[in-house]
Amino acid sequence: MGGRESELVLLDENGIRCDGRKVDEPRRIMIKAGGLKNADGSAYIEFGDNKILVGVFGPRDVHPKHMSNTDTGILRVRYHMEPFSVSERKNPAPSRREIEISKVIKEALQPAVILDKFPRTAVDVFIEVLQADGGTRCAALSAASVALADAGIPMRDMVAACAAGKVADTVVLDVNNEEDQAGQADMPIGYMPNLKKITLLQLDGVLTPEEYKKCIETGIIGCKIVYDLQKKALHDKYFGSGGEQ
Amino acid sequence: MSSSIIDELKKSQILELLEQGKRIDGRALDETRELIIETNAIPKANGSARVRLGDSEVVCGVKIQPDRPFPDMGDKGIFICTAELLPLSHPSVETGPPGPDVIELARVVDRGIRESHMIDLSQLVIKKDKSVVGVFADNVVSDYDGNLFDACAYAATAAILSSKTPKWELNDDIPTLVEGQESDVPITTIPVSVTMGKIGNHIIVDPNADEWDVMDARITITTDSDGNICASQKGGNDGFSMDEIVRCGEISIMIGSKIREKLKQVKEGN
């Protein structure tokens, strides 16, 4: 994708982006912990126009049985987009893109969860994208961390995620759908803020070595903003909304 | 996959060696295995390459044929790159639809070449919005010894560099081959993918199968001829520090430029 010519002004002379944001400003983010009755843990995130629901089950029995591990519990992640989540109806069957994203999100969460106390079990994370608008994997990963914490899964740290990118030759925080389509680069980052570890990193688009470094730094700043909201979501659920951070 | 006792022993041996700055096959930490590129291995394809990276072997065939453009990309040709593990490449490979690992492999290899804009797709248009030229690079893995990301990327890049594209004209809206008008595929840059593994606190370049089995995390970074970074993918069940990620970027540029020289010879020999 990318590189398509369009009338869209991605960055005006005042440094304002196509949706009115500054270069270092993320979209509106709302995270809610809990909400689902049957899931052991759940979370809902609105990240700009993305709307994503995450449910966590487990630790529970593993089916099919051969997947179980006698040394540790296993983590399984399914990222799925609803047919109505994008402008043109999406085939409901899992696409290759969804299978890849499921895998990278799983590998981004894996360093955070401690499952060796639950051998022969599985923790299942179901991510349902109700509405997509660029940056779903980051929003989904951020919500999945909250849902895992809500399910009481022991964790070393939260995983917060945000993308950085290059738009109109400028490094910007939190690339939206238009910027992803017409911009020059998109770099989703997942980050454990206390352990200072990057657990998800992808990039498409051309960056100089300096821009590459700047993008990582910018993305991590975004992850820290998301992290505060993740903590607030859990705090609001378990300690009442009176306790501001 | 659950780790066996053999894996545990292997891992501790590999780690012990790394503490002394050594690798299990005697390479330096930032040393790739020998890369052998044989082009035009499949004369019936428009371009092809058989690549051996250590004991990982990949055959890539490029087919070039007229196709309908994507609806929103009527002024661009099509590029698609795939990767598949043949059942004869390893005893654990089963036939059937690809699993997440193979899907990721194919998508990462495709993304590296696509995002570098290696092929100038705007030159592959027969008639705007009606008919364009499609370049299909299909990788098949015939022998496995780790790091298929780079082996497939080099095979696809070499195969594309060795390709000749036929010429088509539109007659009554049907693309018709113009005989004897072959030309090189329009190339703008040579992307090189470099995959690094993280074992403990050590970063190793081009992990072999033993290292691949035990490594904690990996990162694949693709650079272009200008020394820019154009694609990246982290994988595996651990993370990287910011410093490690930046260092991996530097390593990928350094190692990438060496391998690019090798790929350039393919272009010149064509």
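**Core.** I started with the largest nonpolar core: of its 140 residues, A143(A), I189(A) and A155(B) touch the most other members. (A nonpolar core here is a set of buried Ala, Val, Leu, Ile, Met, Phe, Trp, Tyr and Cys residues joined through C-beta atoms within 7 Å; buried means 20 or more other C-beta atoms within 10 Å of a residue's own, exposed means 12 or fewer, partly exposed is in between, and C-beta atoms are placed from the backbone.) Helix α3 (residues 148–161) of chain B gives the largest share of this core, twelve residues. Helices (H or I, at least four residues) and strands (E, at least two) are DSSP runs, numbered from the N terminus.

I then looked up A155(B): leaving aside neighbours within four places in sequence, its contacts are A49(B), V51(B), V58(B), V59(B), C60(B) and N139(B). Contact means C-beta atoms, placed from the backbone, within 7 Å.

**Model.** This is a predicted model, where local features need pLDDT of at least 70, side-chain atom pairs count only at pLDDT 80 or more, and totals for chains, interfaces and linings use all residues. Residues are numbered from 1 along each chain as its sequence is written, while chains are lettered from A and ligands numbered from 1 in the order in which they are written. I noted ipTM 0.80 and pTM 0.88. Chain B has a mean pLDDT (the predictor's confidence in each residue, from 0 to 100) of 94, with 99% of its residues at 70 or more.

**Sheet.** I traced an open, antiparallel sheet of eight strands, in the order β7(A)-β6(A)-β8(A)-β9(A)-β12(B)-β11(B)-β9(B)-β10(B). Strands pair if DSSP finds at least two bridges between them. β7 (170–173) of chain A and β10 (202–205) of chain B are the edges, each with a single partner strand, so one side of each has no neighbour in the sheet. On average, neighbouring strands are turned by 20 degrees against each other, direction ignored.

**Helix α1(A).** I found α1 (residues 96–109) of chain A lying across β8(A), β9(A) and β12(B), at about 140 degrees to β9(A). (Axes are lines fitted to C-alpha atoms, for helices over the stretch in contact; angles run from 0 to 180 degrees between N-to-C directions.) Its buried residues include I101(A), V104(A), I105(A) and L109(A). Their cover includes β4 (74–81) and α2 of chain A, and α2 (100–115) of chain B.

**Chain contacts.** I looked up 30 residues of chain A in contact with 28 of chain B. β9(A) supplies the largest share of chain A's side, eleven residues.

Definitions and conventions. Contact = placed C-beta atoms within 7 Å.
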